[in-house]
Amino acid sequence: MSKIFACILCIAVLLTGNVNAADDRYSVVIKVDVSDENASIAREKALNSATRAAVNAIAKRISTSDGAKKIANMTDAQIINFVKETSVLNEKNSDVRYMADLKIIINEEN
């Protein structure tokens, strides 16, 4: 019984490794540095611009030039639908400024 469990566990680990490798094609790290009247507004603007930049960069990698142009013309509300995950790798802020390195992963199904 324990040998079967060990085999299933090994297969699961191997499959997980392959899934993570596939994510690299659908992810990008974006640096943001935005100032505004307060850090909260700057952060919101930074996240919106980072999301757009990430989706555009990945679209250029995995799509045709026509597809990438169509995505570049989408609204922020449309762009956000492509995002699977946003991770903050590093961030700093002041009263009026937000700086961060953000890893953005898009949905592979879109």
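Visitor: In what order do the three strands of the open sheet stand?

Guide: This is a predicted model, in which local features need pLDDT of at least 70 and side-chain atom pairs count only at pLDDT 80 or more, while totals for chains, interfaces and linings use all residues. Residues are numbered from 1 along each chain as its sequence is written, and side-chain values use heavy atoms, with hydrogens and water left out. Strands are DSSP runs of E with at least two residues, helices are runs of H or I with at least four, both numbered from the N terminus, and two strands pair if DSSP finds at least two bridges between them. The pairing in this open sheet is antiparallel, and the order is E1-E3-E2.

Visitor: Which strands stand at the edges of the sheet, each with a single partner strand?

Guide: A strand with a single partner has one side left without a neighbour in the sheet, so it stands at an edge. That is the case for strand E1 (27–35) and strand E2 (83–93).

Visitor: Which residue in E3 is the bridge partner of Ser87?

Guide: Strand E3 covers residues 97–106 and runs antiparallel to E2, to which nine bridges join it. In E3, the bridge partner of Ser87 is Lys103.

Visitor: How do the elements of the protein run from the N terminus on?

Guide: The secondary structure comes to four helices and three strands. From the N terminus on, these elements run α-β-α-α-α-β-β.

Visitor: Does Asn56 count as buried or exposed?

Guide: Asn56 has its place in helix H2, residues 39–62. Buried means under 20% relative accessible area, exposed over 50%, and partly exposed in between, with a 1.4 Å probe and protein chains only. Asn56 has 17% relative accessibility, and therefore counts as buried.
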